Amino acid sequence: MASSLRHEVLTLYKNLLYLGREYPKGADYFRSRLKAAFLKNKDVKDPEKIKELIARGEFVIKELEALYFLRKYRALKQRYYSDD
């Protein structure tokens, strides 16, 4: 069980690193904050707590995807529609 949770945590970290490349404040800012968040919770041993933290990370992924989609939508809107 611990092995599967470890795999889920590593996958979550990799996905967040990938999404962080386009973060508005920069990839380095995002990477440092991500690393700090994961290091803060490195000593958690309770499987239920780990699952809660993974769920929170997946929520963050969804929020980042929504942020990027909205940014792309706004850029396209500005190109094709004027505010006249």
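1. A residue is called buried here when its relative accessible area is under 20%, and that cut-off applies to what follows on this predicted model. An α-helix has 3.6 residues a turn, so residues three or four places apart point the same way.

2. The chain as a whole holds 3 helices and 0 strands, and its elements run α-α-α from the N terminus on. The C-alpha trace spans about 60 × 20 × 15 Å along its principal axes, and the radius of gyration is 16 Å, whereas a compact globule of 84 residues would have one near 12 Å. Buried residues make up 17% of the chain.

3. The largest nonpolar core consists of 8 residues, namely Leu12, Leu16, Leu19, Phe30, Leu34, Ile61, Leu64 and Tyr68; α1 (2-19), α2 (27-40) and α3 each give two or more residues to this core. Leu19, one of its members, touches Ile61, Leu64, Glu65 and Tyr68, leaving aside residues up to four places away in sequence.

4. Of the contacts in the chain with a separation of 6 or more, 69% are between residues 24 or more positions apart.

5. An unreviewed UniProt entry lists residues 8-61 as "domain: Complex 1 LYR protein". Over this stretch the model is 76% helix and 0% strand, with end C-alpha atoms 14 Å apart.

Technical notes
Residues numbered from 1 in each chain as written. Predicted model: local features only at pLDDT ≥ 70, side-chain atom pairs only at ≥ 80, totals over all residues. Heavy atoms only, no water. UniProt positions renumbered as here; feature names shortened; annotations may be inferred. Helix = DSSP H or I, 4+ residues; strand = E, 2+ residues; numbered from the N terminus. Core = buried A, V, L, I, M, F, W, Y, C linked by side-chain atoms within 4.5 Å. Buried < 20%, exposed > 50% of the residue type's maximum accessible area, 1.4 Å probe, protein only. Contact = heavy atoms within 4.5 Å. Rg over C-alpha atoms; globule rule 2.2 N^0.38 Å.
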